[in-house]
Amino acid sequence: MMLLLSSLFSKIDALTTSDHGSVVSMNMFVALLCGCIVIGHLLEENRWMNESITALLIGIATGVVILLISGGKSSHLLVFSEDLFFIYLLPPIIFNAGFQVKKKQFFRNFITIMMFGAVGTLVSFTIISLGAMTFFKKMDIGSLDLIDYLAIGAIFAATDSVCTLQVLNQDETPLLYSLVFGEGVVNDATSVVLFNALKSFDLSKIDHRIALTFIGNFLYLFFSSTVLGAMTGLVSAYIIKKLYFGRHSTDREVALMMLMAYLSYMLAELFYLSGILTVFFCGIVMSHYTWHNVTESSRITTKHAFATLSFVAETFLFLYVGMDALDIEKWKFVSDSPGTSVAVSSILLGLVMVGRAAFVFPISLLTNFFKKSSSEKVTFKQQIIIWWAGLMRGAVSMALAYNQFTKGGHTQLRGNAMMITSTISVVLFSTMVFGLLTKPLILFLLPQPKHFTSASTVSDLGSPKSFILPLLDGQDYEVNNDDTTDRNLIHPNSLRMLLNAPTHTVHYYWRKFDNAFMRPVFGGRGFVPYVPGSPTEQSNHTLS
């Protein structure tokens, strides 16, 4: 009996110690997040620094301190987990990207974005995979299979354009911003879909049937994920429009929007689809329909809540990547051959640059050939910025590398450890060096107006312009300020613009379909019925 009690108390004591250690780690991590925000604010006007690089540097510095304190045993406070990344951190970042995107610019350049994001990713994947297979087989880096080489292509085809987007201003360079922004989201989705498709196939015996099945599975994942995201967004819009929670509690409609957004991502994971594409298009649909069905206070709340969650998640990721870069367990496998490690990282970085150039300039040339207006064409300077924006690698590459080359964040194979450390090196070098040079490069190629401000992470959905520009609309409008919600008061600002309206385009037919069928059912700007108790509707009712 005494032995049993002694064993029980020892287990409780160990559990308590473990829990207290977790609490200490979380306290330190939250304090570091606060430090990143404060230091990032102080360096806002710095010519070289931005928030992502600041978080990365703080993470590296913290890793060095922890490494010294622990006697070289560990460099991080938390153990990296793909589930932590894909289930908790990635959804708010991607959803906010779709929620705040300027839909007019995004869909006006949709074909170009898809060419860069989908076709370009496949080109980059092919070049990186073939290059890695060619060079690494001649080097002593451990045993790698065909699936490993293909996985390397998918891992390093995933870009991270956060540094560039923090410098670009979507009001001053709308075309360039929409291309970089849209390509970044589609690229991440394509890379993850490609990576998951590779892991689900037996590549030991490759023939034309397996290749066709692979392509079919890839297209199925791509389009099914998009449809699922749109459907989830429409369901949320219909529920909130019909029940109108705001008459009793704005908390309920805000909570429902957040939960439905997260539900779209989890449904995609449940059905083995692409959660990135699903939650991105869910964000677009919810900003077009659902957001206009809630009260004014809920609009302000959701706009800033989604932006804040995305900002914290991004800062968390860069902070952790910085700390994990010094993980001694992985580096000890390559410590006996530092030259090989540097060579592998250099080859991968070179393949990334070549793979990027192989599609950016040809696709830009192709799309410019079909553009009639010079303002819609991508200039050579803009092509250089698009190429540069995709050179940086980030958390998606890290997560995919851990998924392929580790088990539970640990590895005991030299080849796998070499790939993990090389991924860390490429992510650090590209983010630090290319990221530091991004702002000077953009300022050199695209001279800014006198009052230059970097693009804010906060959505501009609350701006007056966002209330009057319909989805996919390529025209400029004037609005009668007496009632911005009445669509009958929106008119073209000149007879010439009216005569030049696109009468036989996808945009025109979408607007007719949207106004005739979609908005009356799912709500949206100008189609929300008057409901007593709504501040917005009450003010409009008074004006009328």
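Me: A nonpolar core is a set of buried Ala, Val, Leu, Ile, Met, Phe, Trp, Tyr and Cys residues joined through side-chain atoms within 4.5 Å. Which residues touch the most other members of the largest nonpolar core?

Reply: The model is predicted. Its largest nonpolar core holds 131 residues. Helix 8 gives the largest share of this core, 15 residues. The residues that touch the most other members are Phe136, Ile152, Phe280 and Met419.

Me: Which residues does Met419 touch, not counting residues up to four places away in sequence?

Reply: Contact here requires heavy atoms within 4.5 Å. With sequence neighbours up to four places away left out, Met419 touches Phe136, Ile141, Leu144, Ile152, Val344 and Phe405.

Me: What distance separates the end C-alpha atoms of helix 6?

Reply: Helix 6 runs over residues 146–157, which is 12 residues. At 1.5 Å a residue, the span should be 16 Å. The distance between the end C-alpha atoms agrees with this, at 17 Å.

Me: How many disulfides are there?

Reply: A disulfide needs two cysteine sulfur atoms within 2.5 Å. For Cys34, the closest cysteine sulfur is in Cys36, 9.2 Å away and therefore too far for a bond. The count of disulfides is zero.

Terms used
Residues numbered from 1 in each chain as written. Predicted model: local features only at pLDDT ≥ 70, side-chain atom pairs only at ≥ 80, totals over all residues. Heavy atoms only, no water. Helix = DSSP H or I, 4+ residues; strand = E, 2+ residues; numbered from the N terminus. Expected span 1.5 Å × (residues − 1). Buried < 20%, exposed > 50% of the residue type's maximum accessible area, 1.4 Å probe, protein only.
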